[in-house]
Amino acid sequence: MKLLLLEDDDLLAESLVECLRDNGYRTDLATSLHVAGSLMATEQYELAILDLGLPDGSGLALLKQWRQTGHDLPVLILTARDTWEDKVIGLESGADDYLTKPFHDAELIARIMALLRRKSGRLSQQLTQSGVSLDEANRCVRLDDGPWQSLTGTEFLLLRYFMHHPGRVLSKEQLLHQLYALEQDAAAPNLIEVYIARLRRYLGKAIIQTRRGQGYVFVAR
């Protein structure tokens, strides 16, 4: 699952990217409104974390533009502006949540997970689709009422993305983009085949099906 982070403080951005990676999220970093706008036009994100004071303008202006053009992904404002008036303006501009600096990493992760649960209509940290239950806190999976099985970091990222998009055909390129941030070296597309085979050992072949020439689909039933 890939997130967009808009933050121009180098040290904070590095810390945030590391924190998010440790919690199972891949993050593309933008240090200006221009870069963020370009990324949103070409990449697919599940959530955006948005600072307000950027070198080339206000993050609120970009947020309003996103909402006006139909971008409905959850947006978490992360800023040093901590008055209630600032929070009201941010939420009225289209933000889904507002977190002020300084903050604890655990609170940031909890708010991200809450926004993603709200987006998918879930109430718990356990994601369930087609008899498959994914425990996001412990990174393990089970089929129907079978035993829980631990996942590697990449297996977890891939399965979570599938389960957030049931019934949708996903190409190898789309899946790779969710597993690796833009600054990382591009992985070979056949790497996806390796991880699909691993997931099928846990779930069977009927859950994640191949669409020849198109990609893979997590079958909703």
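This is a predicted model: local features need pLDDT of at least 70, side-chain atom pairs count only at pLDDT 80 or more; totals for chains, interfaces and linings use all residues.

Visitor: Which backbone oxygen lies 2.5 Å from a polar atom of the side chain of Lys2?

Guide: The backbone oxygen is that of His177, 2.5 Å from a polar atom of the Lys2 side chain. Lys2 sits in strand β1, which covers residues 2–6. Its relative accessibility is 1%, under the 20% cut-off, so Lys2 counts as buried.

Now let us move on to the salt bridges, of which the count comes to nine. One of them joins the side chains of Glu7 and Lys101, with N and O 3.0 Å apart. Glu7 is in the loop between β1 and α1, while Lys101 is in the loop between β7 and α5, so this pair ties together parts that are 94 residues apart in sequence. Glu7 is buried at 2% relative accessibility, whereas Lys101 is partly exposed at 22%.

Another salt bridge links Arg160 and Glu136, whose closest N and O atoms are 3.9 Å apart. Arg160 belongs to helix α6 and Glu136 to the loop between β9 and β10, so here the parts tied together are 24 residues apart in sequence. Arg160 is buried, with a relative accessible area of 1%, and Glu136 is buried too, at 9%. Returning to Glu7 and Lys101, salt bridges with shared partners join these two and Asp51 into one network.

Finally, Glu107 and Arg111 meet in a salt bridge of 2.8 Å, N to O. Both lie in helix α5, four residues apart, or about one turn of the helix. Glu107 is partly exposed at 32% relative accessibility, and Arg111 is partly exposed at 24%.

Conventions: Residues are numbered from 1 along each chain as its sequence is written. Side-chain values use heavy atoms; hydrogens and water are left out. Helices (H or I, at least four residues) and strands (E, at least two) are DSSP runs, numbered from the N terminus. Buried means under 20% relative accessible area, exposed over 50%, partly exposed in between (1.4 Å probe, protein chains only). A polar contact is a pair of N or O atoms within 3.5 Å; within protein, one must be able to donate a hydrogen and the other to accept it, and residues adjacent in sequence count only if both atoms are side-chain atoms. A salt bridge is a side-chain nitrogen of Lys or Arg within 4 Å of a carboxyl oxygen of Asp or Glu.
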